[in-house]
Amino acid sequence: MTEPRLLQNFSGGRAIVVTDRASSLEVLTTTLDRLGVTTSPADIVGSIAAIDLATLQPDRCVVFIDGDISDGTVLPLSAIGRLPPAPVIGLLGVSAPSRLKALMRAGASSFLRKPVHGAAVYPALFVGINEYRRHRHLETLLEDQERRRRSRRDVVKAIVRMMSEYGIDDDEAYELLRRRSMRTRQTMEELCKDLTQSSNGQEHGDFVLRRKLAD
Amino acid sequence: MLNGALLAADEINASALGIHFEPSIVNPGGDLSQYSALATKMLERDVRHVVGCYTSSSRKEVIPLFEKHDALLWYPSHYEGFESSTNVIYTGAAPNQHVLPLVEYLLAHHGHRAYCVGSNYIWAWENNRILRESVTARRGSVLAERYFAVGETDFHQAIEAIIEARPSFVFLTLIGTSAYQFFREFRTACRARGIDQAREIPVASCSLSEPELQAIGEGAVDGHLSSSVYFCSIESAANLQFLNAYRSRFPQGPTASADAEASYNAVWLLAKAAAAAETDDPRAVKAKLVQQEPLDAPQGAVWIDEQTFHAYLTPRIGRSNRNAKFDLVCEAREPVRPDPYLVHSSSRFEAAAAPSLRLVS
């Protein structure tokens, strides 16, 4: 799985800003506008709870969260430790550890210091959004690895079955399974699961062996 | 650049606009450390509008000072974009007004194989990146990117490599003496091999202007492509008037160029906005600036975009001739909206297959 390409043009994007000091957002919204990222008045909300999560598109939306919300509650957009549904950029006023921690828990992958300086917005978007994309890519990779790890048992079973049924060694059994998986365009794990779970595992094995001899 | 600004100041002082300029001139001599020191001195003397800075590094040096003093920097140079400071008015070309039109022209008329040679700093890196993105998007290829220290004049090996690779064109982002030397050496090397360099491997640049053609000297001055919003050869009443005034004010030269025109425009834009605002207060001037009628500039109509504070300008491609002037080969039909972040003119994603190593010699 190749690394995602860097996003560098944010045109067509939508920004949602979580703050209870909407009056101080002019530099941020003007600069975002120059970058092609729109912020409608409805997208400036007073709390994370007010965001309609169903409308968040990970590839188009970016959420700015003010770390200085007066009631102090910066809640994560999704379960703690999970990737938020869209990239999050923290707006920093007080940079005490508790505030930084809250924004990190909310899923912030980059920060903008308040008062916002126009020149800092593009770099914050660039780092925040691309870091989010990288994180999402790594999560997908990790899920895939985890699935493969769980299927290891089926692979071992399939190899053992092939060895005992055809009197071949483990390398040869693995090679047969690998070639079969390529032909059927399945992953090794899927193929082995099919073989071990289906009642006709024997037939599959015969088929593989026949193909092998035919080669 | 200085001449253009001084000429405009003289004209404005003699006009009925009601604005009087007292130019205060400082020269950092290209020494980066001098820019902030001299800018601080000016700003502390309550100078509120400064026209100047050529390189991006010098502009970046002084921007924080202009922001601190809430003064305005009128930056007349073409540059690589990706900036929009609230205290800068950009009257030179943004990348969609010089690099992109040049790439379009080169791919349409000369081929799809680019060879990049540049000075090792932000101007060259960023322009080469933009070139690579556009070329790759149109299924062309960048054969190599070679960088040299600013001021380097030994291009023997690089030229051998270029002739060996036979690209469709060379995209040159070398500056100053390095560029002049490269043009001469490349022409000589091609001639020695019987290659008609200007026709077979043209050199294209976004920073080649008339005074530089004179610096290249006879024998290697013709056949180079340049992308610019202004060339002396533009035929218009406004340009003729500008050139005549320029020649009589500065008979010793250097000849007028895109930089002179951009600073000339900057000072006129400033004067008109200040006259409308009836004050030199930077915020008031900025507010009035975007409401002004387009300026009848030597290059054609010029006005400031209220979103980015960059200028609407007219991109052109010129090919140099033996008289150290440019013949226009291509011209936009109307002024083009500035797009400093290439929001409207680049792909969402970076181009694939950018090399992770950069060769600097």
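Start in chain B: select strand S10 (residues 300-304) and S11(B), which pair in the antiparallel sense over two bridges. Strands here are DSSP E runs of at least two residues, helices are H or I runs of at least four, and both are numbered from the N terminus; two strands pair if DSSP finds at least two bridges between them. Before you click on, note that this is a predicted model, where local features need pLDDT of at least 70, side-chain atom pairs count only at pLDDT 80 or more, and totals for chains, interfaces and linings use all residues. Residues are numbered from 1 along each chain as its sequence is written, while chains are lettered from A and ligands numbered from 1 in the order in which they are written.

Zoom in on Ile304(B): its bridge partner in S11(B) is Ala311(B). Now widen the selection to the open sheet of three strands, ordered S9-S10-S11 (chain B) with antiparallel pairing. Strand S9 (295-297) and strand S11 (311-312) of chain B sit at the edges with a single partner strand each, so one side of each has no neighbour in the sheet. Angles here run from 0 to 180 degrees between N-to-C directions, with axes fitted as lines to C-alpha atoms, for helices over the stretch in contact.

Next, strand S6 (residues 169-173) of chain B. Is S6(B) enclosed or open? Five of its five residues are buried, so S6(B) is largely enclosed by the rest of the structure. Buried means 20 or more other C-beta atoms within 10 Å of the residue's own, exposed means 12 or fewer, and partly exposed is in between, with C-beta atoms placed from the backbone. Show the side chains: Phe169(B), Phe171(B) and Thr173(B) point one way, Val170(B) and Leu172(B) the other.

Keep Phe171(B) selected and look at the neighbouring strands. Strand S4 (residues 113-119) of chain B pairs with S6(B) in the parallel sense over five bridges, and Phe171(B) is the bridge partner of Cys116(B). S6(B) also pairs in the parallel sense with strand S7 (residues 203-205) of chain B, over three bridges; there, Phe171(B) stands opposite Ala204(B).

Now pick two helices of chain B, H4 (residues 95-109) and H5 (residues 122-137): they pack at an angle of about 45°, with their axes 10 Å apart. H4(B) and H5(B) are therefore oblique to each other; angles under 35 degrees count as roughly parallel, over 145 as roughly antiparallel, 65 to 115 as roughly perpendicular and the rest as oblique. To see what touches, select residues including Val99(B) and Val103(B) on H4(B), and Ile130(B) and Leu131(B) on H5(B). Contact means C-beta atoms, placed from the backbone, within 7 Å.

Time to cross to chain A, where 13 residues are in contact with 17 residues of chain B. Helix H1 (26-34) and helix H3 (118-166) of chain A are the elements giving two or more residues to this side, and H3(A) has the largest share, three residues.

For a last stop, select Asp194(A) in helix H5 (residues 188-197) of chain A. With 17 C-beta neighbours inside 10 Å, Asp194(A) counts as partly exposed. Draw a C-alpha to C-alpha distance to Val160(A): 15 Å in space, for 34 residues in sequence. Zoom out and chain A shows six helices and six strands.

Technical notes:
Contact = placed C-beta atoms within 7 Å.
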